Amino acid sequence: MSARHDVVIIGGGLVGASLAIALDRLGREVALVEATPAGEMPAVFDERNLSFAAATVNALSALGVMQRLQTPPGPIRRIHVSRAGDFGRVVLDAADYGREVFGQVVVARDFGAALESALGDCRHLTRYRPARFLGLASAAGGVRGLHVATDAGEIELETPLLVGADGSHSSVRGALGIQADVHDYRQRLFVARVRTTRAPDGTAWERFGNDGPTALLPRGDRHHGFIHGVPEDQADAVAALDEAGWLARAQAAFGWRAGRFVASGPRSAYPIVKVLAQRVTAPRAVLLGNAAQSIHPLGAQGFNLGLRDALTLAELVAEAEDPGTDTLLDTYARRRQPDRERTLRFSDGLARLTSNDAPLLRPLRSAGLLAAGNLAAVQSMLVGGAMGFAGDVPALCREDAA
Ligand SMILES: Cc1cc2nc3c(=O)[nH]c(=O)nc-3n(C[C@H](O)[C@H](O)[C@H](O)COP(=O)(O)OP(=O)(O)OC[C@H]3O[C@@H](n4cnc5c(N)ncnc54)[C@H](O)[C@@H]3O)c2cc1C
């Protein structure tokens, strides 16, 4: 069997699903190829807490996704950054920037269900699932051919634009021959839902310890999202802690600003590896989201950045008859470069403030974070990241998009 679609998206995770919804509004005939079977959610829609920048909230509201969340998101009204062993801190209040909130905290599982509901209403979308991208096929000029494995056997698809939204280990990236630079932070990030004696009050806390970062995010269900980075050589021992040991570790790492840690949901753990594709386009193909760049989760920017990838592409496709020309893809790559570089600098900067591999630098890092001279730079970095409006953002991200 073979079929042709205006755009074929490989990967129905956070970014691929968002792109499919955005393109459906344009009336484009799109295929979404996802390895996870119908009726199940891709594993990435787990218990992780996602901080959505204000720009992301605007866009997902305009796409009709935010309205489908089952649990109200947790507003971020303040950001509080401190270092263990220091008296200094940086506190940012959205009101000082003329805003009610910097962004919202959403649980990935809930977001997955909202995306699934919006995908169900798409009118021009063909879904292949479970279906797995196998590789490229030869095709006539002006289109890409690709092989896809489905339960019913192998099929061939043709498209003028192939989108690789298949995550950090992207097979599309590999098949296109695009190299990636990989950096292992040698940290494991533990994530859990926790309850403390103080309910969330709209503050997102970031605490840098000598061994790694710890953050507490205000969820909308009266729990906090707890995130705790641990050097790889300690990670197995942390994974083996019972609940009392885990709560004691959380308390020691975070301190008492949110009261006593009293209960925790199950822990999930993620190795932290940065993967940067050396190019994001190839003839009649583009990489988006984690396939293009997987960054340290500490700055909470991965999806925010990937969504801006997807919406920029959708904007260019809206104006084009042929969605996969070299001109369109060159324009795409040029438009995305500044945001990609800025966001990488932001995430790397935060990761360096907390990395555990250069103990002699710790006092300097500490002074660097909190010195008055640096405060403005740290603040503008945090506010820029938290809101996501810097530079040439897609129109759907703007305030009046919804
Ligand atoms: C602990 C943690 C916390 C995070 N917190 C935040 C946050 O607060 N804010 C934020 O913006 N970002 C955050 N992120 C980052 C965010 O999760 C990622 O940026 C996002 O998941 C990237 O989406 P994606 O669609 O590009 O890739 P993925 O979500 O990885 O999706 C890839 C999809 O492709 C499918 N797939 C893979 N291979 C194939 C194939 N061959 N054929 C078919 N389908 C395939 C997979 O099944 C999957 O569904 C966090 C990440 C982690 C680990």
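Into which domains is the protein chain divided? Domain 1 covers 2-75 + 85-181 + 273-397, and domain 2 covers 186-272. This is a predicted model, so please take every value I give as computed from that model.

I'll start with how the two domains meet. Their C-alpha centres, for domain 1 and domain 2, lie 25 Å apart. The contact draws 20 residues from domain 1 and 23 residues from domain 2. On the side of domain 1 that touches domain 2, four elements each supply at least two residues: strand E4 (49-53), strand E5 (74-76), strand E8 (103-107) and helix H8 (326-354). By class, that side of domain 1 has nine nonpolar, seven polar and four charged residues.

E4, E5 and E8 come up again as a sheet. The three strands form an open sheet in the order E4-E8-E5, and the pairing is antiparallel. E4 and E5 are at the edges with a single partner strand each, so one side of each has no neighbour in the sheet. On average, neighbouring strands here are turned by 30 degrees against each other, direction ignored. Between E5 and E8 the antiparallel pairing runs over three bridges. Isoleucine 76 has glycine 103 in E8 as its bridge partner.

Which strands does helix H2 lie across? H2, residues 54-62, lies across E4 and E8, and runs at about 90 degrees to E4. Helix H3 also lies across E4 and E8, in its case running at about 90 degrees to E8.

H3 brings me to a helix pair. The axes of H1 (residues 14-24) and H3 (residues 108-120) come within 10 Å and cross at roughly 30 degrees. Because angles under 35 degrees count as roughly parallel, H1 is roughly parallel to H3. The crossing of H1 and H3 is left-handed. As for the residues, Ala17, Ser18, Ala20 and Ile21 in H1 meet Leu115, Ala118 and Leu119 in H3. The residues of this contact divide into six nonpolar, one polar and no charged.

Next, the other sheet. In what order do its four strands stand? The order is E1-E12-E11-E10, in an open sheet with mixed pairing. Strand E1 (2-4) and strand E10 (131-137) are the edge strands, and each pairs on one side only. From one strand to the next, the twist averages 30 degrees. E10 and strand E11 (residues 144-150) pair in the antiparallel sense over six bridges. Phenylalanine 133 stands opposite valine 148 in E11.

Last, two backbone details, for anyone checking torsions. What kind of peptide bond joins arginine 129 and proline 130? That peptide bond is cis, with omega about -5 degrees.

Arginine 222 is located in the loop between strand E16 (213-218) and strand E17 (224-231).

To recap, E4, E5 and E8 supply residues to the side of domain 1 that touches domain 2, and these strands form the antiparallel open sheet.

Terms used:
Residues numbered from 1 in each chain as written. Predicted model: local features only at pLDDT ≥ 70, side-chain atom pairs only at ≥ 80, totals over all residues. Axes fitted to C-alpha atoms, helices over the stretch in contact; angles between N-to-C directions. Parallel < 35°, antiparallel > 145°, perpendicular 65-115°, else oblique. Left-handed = near helix turned anticlockwise from the far one by under 90°. Contact = placed C-beta atoms within 7 Å. Nonpolar A, V, L, I, M, F, W, Y, C, P; charged D, E, K, R; others polar. Domains from an automatic or database assignment. Pairing = 2+ DSSP bridges.
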